[in-house]
Amino acid sequence: MRKTFLRKKPMPPEFALQITSMADIFLILLVFLLKGYASSVTGIVPTAGTRLPVAITTGSTLQPVRDAVTVEISRGAILVEGKPITPLVKYAFPPTAPGTGEAPEILLDRALDRERFRAAHADAAQAGLRLLADEHVPYATVERVLARMASAGFIDLQLVVVRESR
Amino acid sequence: MSPLPPASDPGKRPTADVELNLAPIIDCFTVLITYLLVSASFLAVSSVDAGIAVFRSSASTPANASDSVTLEIRVLDGGRIAFALHGRATPPLGLLDPLDGAGSLSRRLDTMLRAVPTLSEATVSAAPAVPYVDVVRAVELTKKYFAKVYLSAGGH
């Protein structure tokens, strides 16, 4: 009878647990998850060509950007939550939106009402609006957008600005 | 990990040959650095809190309305700024002398607060052609003196 109980055979090397690769994969996954969590809090990505105004003050007048419905006014369109709602012609409202023939304000009203309805059923912190507008947008356009926001029930506004790095 | 060398002398303890393999670590950090560079955001953004105000004509405001006095700051073309006080004020001030540039806005706000200590809110409006950046700057400077600043949405 083989005396196997006296001496054990050493384990072959290929059976050893390789944790180096596993540690690499988990480290990369951890960094991906951390970056994804950090970017989901703000999600501020203006469209190409939109130049946000630079802040001239510091301190308590500037607040961190909070999660809210995003309305962007660029040179060529108004976007709500990243989706183009109505086109603009050199920052100005056209008489009617091409393709639909409806007034741009009506399209904007519908989009804001949808977001308002969604915000009412979601986290209360999302009840406000954050406005990303190109610095060259004339106030006439901004005023019309603000009027639609007010009629949709949004009264709290965050004006997104760029902090100058020193 | 390299296997233990066979012990030449049964009395000697086998020594382990431990080597640190840097290749996987370098691969891992190369991938991480590439990903972080691609996903880095070089834009530091903040927000200025404001409200939305819809103006009503003064005729619709009852005479015995609240005693609160509100300040309207209007940014005009060319960077000029005009002020108006709304509410119960004796005597009514109306549109004050326009100032040149937002640089003197802080000084005028400081003077107004001393003259009318009950001022608690301010509304910022602008002429139609004024660029948005000038309006934001006026709001920022006004926020230093008033906790509540509103942006005018016109009389729609």
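## The contact of A:Thr70 with A:Arg130

The side chains of A:Thr70 and A:Arg130 are joined by a polar contact of 2.7 Å, a polar contact being a pair of N or O atoms within 3.5 Å, of which, within protein, one must be able to donate a hydrogen and the other to accept it, while residues adjacent in sequence count only if both atoms are side-chain atoms. This is a predicted model, in which local features need pLDDT of at least 70 and side-chain atom pairs count only at pLDDT 80 or more, whereas totals for chains, interfaces and linings use all residues. Residues are numbered from 1 along each chain as its sequence is written, chains are lettered from A in the order in which they are written, and side-chain values use heavy atoms, with hydrogens and water left out.

A:Thr70 belongs to strand 1 of chain A, residues 69–73, where strands (E, at least two residues) and helices (H or I, at least four) are DSSP runs numbered from the N terminus. A:Thr70 counts as buried because its relative accessible area is 14%, the limits being under 20% for buried, over 50% for exposed and partly exposed in between (1.4 Å probe, protein chains only). Not counting residues up to four places away in sequence, A:Thr70 touches A:Leu79, A:Val80, A:Glu81, A:Arg130 and A:Leu132, contact meaning heavy atoms within 4.5 Å.

## Nonpolar cores

The largest nonpolar core has 61 residues, of which A:Leu131, A:Met149 and B:Leu71 touch the most other members; such a core is a set of buried Ala, Val, Leu, Ile, Met, Phe, Trp, Tyr and Cys residues joined through side-chain atoms within 4.5 Å. Apart from it lies another core, of 7 residues, which include A:Leu132 and A:Val160.

## Where chain B meets chain A

In this pairing, 41 residues of chain B are in contact with 46 residues of chain A. The two chains bury about 3,900 Å² between them, 67% of it on carbon and sulfur atoms, buried area being the accessible area (1.4 Å probe) that two parts lose on being put together, summed over both. On the side of chain B, B:Ser46, B:Ile52 and B:Tyr132 lose the most area to chain A, together 20% of what that side buries.

Between chain B and chain A the count is 1 salt bridge, a salt bridge being a side-chain nitrogen of Lys or Arg within 4 Å of a carboxyl oxygen of Asp or Glu. B:Asp49 forms a salt bridge with A:Arg66, with the closest N and O atoms 3.3 Å apart. Helix 3 of chain B gives the most to the side of chain B that touches chain A, with 9 residues.
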